[in-house]
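Here is a short report on a two-part reading task: first the overall dimensions, then the side-chain packing. Keep the structure open while reading.

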Amino acid sequence: MRDGTERRKSPGRLGLFFTNRDALEPALVTLFAAVFSLLAGVGLIFLVSKEPAQSARNFLLGPFLRTYNIYYMMIAMVPLTFTGLALCIIYQSKHMSLIVDSSFYIGAVTATAVGIHAALPAGWHPAAAMLAAGTVGGFIGLLPAILKIRWRANELVSSLMLNYVFYFIGSFIILYFLRDRNQTILSSLPFRKTFLLPRLVPNTQLHAGFLVAAVFVVLVSVFLYRTKWGYEIRMIGANQKFAAYAGLSVPTVILYSHFVSGFLGGVGGAIEMAGLYKAFIWQMNPSYAWDGVIVAMLARKNPKFVPLSAFFLAYMRVGADFMSRRGDVAFEFITLLQGLIILILASDKIVNYFKARRLQRTALARTAEARAAGAGGAE
Amino acid sequence: MMDFLASVFGSSNYWFIVVRSTAPILLVTLGAVVTEQAGIKNMALEGSMLWAALTGVLASAWTGSPWIGLAAGIAAGVAIALILGLFALKLDANAVLVGIALNLLSTGGTVFVLFSITGDKGISSSLPSKVLPMVSVPLLRDIPWLGKVLSGQNLVVYLSAAAVVVIHVILNKMTIGRRIRATGENVEAARAAGIDPDRIKFFTLVISGILAGLAGCFLSMGYTSNFTSGISAGRGYVANAAQVVAGGTAVGSIFAALIFGVTDALATFLQSRGLPPELIQALPYAVTILGFVVVTLIRDKREAARKLKLFAGKDDR
């Protein structure tokens with residue numbers, strides 16, 4: 001009765017996405033993690049705010065109460081989608097590099113250089129910047145991979161260290177080569193008009209980068225699930241030793257997965273520049289890679305769910321921003337909620353709770369059956 | 001430039017700063033060494049430091065005592081390490097991911113708490129927090145050049161030196177040390193030998209929490225006299241790289257931490273020479289990676305030589 005065949009016959013309404021319980025249950029746990037983190041956020045607001053009801057309302061509903069907030073969410077989704085996709089690829093290969101942070105930041109710096117100095121027609125200009133930023137980002141992405149392959153350096157540790165190095169190098173380039181010295185505040189020279197991405201909706205900041213992000217979601221989905229390279233990435237993620245035994249060159253796969261992931265980060269950084277700004281004015285690294293970790297985890301490493309989880313994170317950010325501007329709760333409180341989400345989703349015992357319980361029950365039932373049959377046979 | 005460098009390396013003032021900036025790295029590196037020996041990666045050292053730095057400042061401001069601040073800070077450092085243990089060991093979470101989560105939560109969380117209490121997101125200067133005392137060492141201070149370097153440092157600097165000895169003794173001279181290494185080497189074998197691996201891992205996490213807590217308190221109550229956002233500046237991550245350079249030993253940690261300390265202090269001096277501060281600030285992190293690569297190269301070479309000898313020995317028979 002409890003065997004798998006019957007279950008697979010009636011996947012239910014969610015069968016469109018989930019073919020069996022093994023996929024459905026973790027998805028429910030993911031939903032639980034998201035909702036739970038929001039509830040924890042409300043709890044925190046009540047703990048620290050002098051007008052908690054108003055703040056909680058602004059946090060949870062604020063993103064939908066104003067039309068411009070809806071556009072903000074869509075804008076915020078763009079960088080989150082890129083870093084989320086980049087980390088999906090890294091996680092699929094069971095690696096943990098956070099170098100995408102550098103790729104994104106240096107990607108933005110590269111795009112700034114192209115945006116200021118290259119003379120290209122509109123349309124081609126941002127495209128060239130994306131390509132340049134992606135390539136630079138990809139090569140940066142290779143560094144932890146090389147350190148790992150050649151010197152067995154833990155890629156997370158080396159990437160975190162490199163993130164500091166590249167942050168300082170990036171701000172050095174801006175300050176010494178691209179800075180607008182007529183400005184009192186720190187700013188690069190202004191971008192050329194041709195570099196700026198067109199707006200999708202007049203009088204909003206929603207830019208064409210949103211569509212580019214959508215295209216990349218499809219591209220990365222196809223790459224991971226419909227190409228040989230994607231298959232190889234998932235294969236070394238599933239079992240690296242087996243993949244090596246089956247004749248795969250594991251170092252090669254690690255290298256190109258890191259390159260592609262860095263490329264996505266670089267493109268994301270370029271789009272952020274061309275879409276939102278008229279010059280490079282970041283005083284610090286926005287560190288979207290850390291958010292990318294959560295996006296990838298909420299999407300369960302699957303690119304096709306990245307837009308959904310990027311939307312959720314954008315919702316949280318816009319809500320927290322809206323709330324902090326109108327109340328006494330600091331924007332940074334969402335990092336507590338984001339940390340909570342990772343903690344829940346990283347815990348195998350929580351994610352696989354139902355599956356473990358089901359397996360246990362089946363095992364117990366089987367044992368009881370066998371015992372009954374054994375007792376019957378003895379009589 | 002060479003003259004300048006020579007004058008820097010000759011000055012007791014420079015080496016005083018080297019010792020001072022080495023101490024916090026040394027403490028966290030020891031923490032990373034201990035947990036790594038037990039086979040668990042504590043990526044949350046950064047988070048432990050941040051919460052310890054903030055808690056130390058808050059507790060010392062409220063009670064007026066730097067000691068209560070220190071105790072509270074260390075407790076906060078341990079708490080973060082224990083959360084890592086809870087998720088990684090009891091809920092089967094990937095320890096590295098838990099570390100990422102805790103660091104993310106700590107970078108923003110400390111700012112959130114600071115803002116909720118003081119209304120300022122950057123610095124805790126509105127709080128009357130205390131600092132830990134400087135210690136003038138009686139005999140040491142009378143030695144001509146060395147006295148100026150080693151005496152008059154913050155109490156935590158001397159504690160970090162003591163910590164090297166303590167960790168060395170724990171790892172090499174005590175039963176628990178053998179158990180730690182056994183657990184790190186092979187969990188199943190350790191369990192078969194009657195060791196509870198989870199208990200050992202929790203024990204090392206507590207130690208690393210204490211050490212990171214001490215380091216965090218030093219940053220906000222000695223190295224500087226305030227908590228500022230992101231005060232740990234990646235030292236927790238550096239520790240995880242330095243741990244490899246240290247080769248998993250307490251004594252090696254001194255060497256590994258010094259690499260960072262020497263460049264970090266040099267950066268302070270070079271900045272006064274008008275070199276671009278951005279590139280100089282990147283130096284300590286870049287040098288740490290470099291040290292890491294060099295040490296692995298040397299170790300690989302030694303390993304190869306050892307294997308070669310082994311084969312040669314077989315031929316003789």
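This is a predicted model: local features need pLDDT of at least 70, side-chain atom pairs count only at pLDDT 80 or more; totals for chains, interfaces and linings use all residues.

Residues are numbered from 1 along each chain as its sequence is written, chains are lettered from A and ligands numbered from 1 in the order in which they are written, and side-chain values use heavy atoms, with hydrogens and water left out.

**Chains**

Chain A has 16 helices and 0 strands. Chain B has 13 helices and 2 strands. Helices (H or I, at least four residues) and strands (E, at least two) are DSSP runs, numbered from the N terminus. The radius of gyration of chain B, taken over C-alpha atoms, is 21 Å.

Areas come from the Shrake-Rupley method with a 1.4 Å probe; for residues, only the protein chains shown count as cover.

| Chain | C-alpha extent | Accessible surface | Carbon and sulfur share |
|---|---|---|---|
| Chain A | roughly 100 × 60 × 35 Å | about 17,900 Å² | 64% |
| Chain B | about 70 × 55 × 40 Å | about 13,300 Å² | 66% |

Buried means under 20% relative accessible area, exposed over 50%, and partly exposed in between (1.4 Å probe, protein chains only). Buried residues make up 53% of the 379 residues in chain A. For chain B, 53% of 317 residues count as buried. Contact means heavy atoms within 4.5 Å. Take the contacts in chain A with a separation of 6 or more: residues 24 or more positions apart account for 75% of them. For chain B, the corresponding figure is 75%.

**Nonpolar cores**

In soluble globular proteins, nonpolar side chains tend to be buried together. A nonpolar core here is a set of buried Ala, Val, Leu, Ile, Met, Phe, Trp, Tyr and Cys residues joined through side-chain atoms within 4.5 Å. The largest core holds 197 residues. A:Phe59, A:Tyr91, A:Leu98, A:Val293, A:Phe333 and B:Leu97 touch the most other members. Helix H4 (residues 67-92) of chain A gives the most to this core, with 13 residues. Beyond its neighbours within four places in sequence, A:Tyr91 is in contact with residues of chain A, including A:Met96, A:Val293 and A:Lys301, and with B:Leu97 and B:Ile100.

**Aromatic contacts**

Rings of Phe, Tyr and Trp (its six-membered ring) pair if their centres lie within 6.5 Å; planes under 30 degrees apart count as stacked, over 60 as edge-to-face and the rest as tilted. Over all chains, the search finds 26 aromatic pairs. One of them is stacked: A:Tyr164 and B:Tyr285, at 4.5 Å centre to centre and 10° between the planes. A:Tyr164 lies in helix H7 (residues 155-178) of chain A and B:Tyr285 in helix H13 (residues 277-316) of chain B, so this pair joins two chains. B:Tyr285 is buried, at 6% relative accessible area.

B:Phe218 and B:Tyr223 pair edge-to-face, at 5.8 Å and 70°. B:Phe218 is buried at 1% relative accessibility, while B:Tyr223 is partly exposed at 22%. B:Tyr223 also has a charge over its face: B:Arg20 lies 4.7 Å from the ring centre. B:Lys121 lies over the face of B:Phe115, at 5.6 Å. A charge sits over a ring if NZ of Lys or CZ of Arg is within 6 Å of the ring centre and within 35 degrees of the ring normal.

An aromatic cluster takes in residues of chain A, including A:Phe104, A:Tyr164 and A:Trp282, together with B:Phe260 and B:Tyr285.

**Two single residues**

B:Lys41 lies in the loop between helix H2 (12-37) and helix H3 (45-63) of chain B. At 15% relative accessibility, B:Lys41 counts as buried. Its contacts beyond four places in sequence include A:Asn154, A:Val157, B:Glu36 and B:Leu84. B:Lys41 and B:Leu84 are 43 residues apart in sequence and 9.8 Å apart, C-alpha to C-alpha.

B:Val262 lies in helix H12 (residues 250-271) of chain B and is partly exposed, at 22%. B:Val262 touches B:Tyr14, B:Trp15 and B:Val18, not counting residues up to four places away in sequence. The C-alpha atoms of B:Val262 and B:Ile17 are separated by 8.6 Å, at 245 residues apart along the chain.

Note on methods. The radius of gyration is taken over C-alpha atoms; the globule rule is 2.2 Å times the number of residues to the power 0.38.
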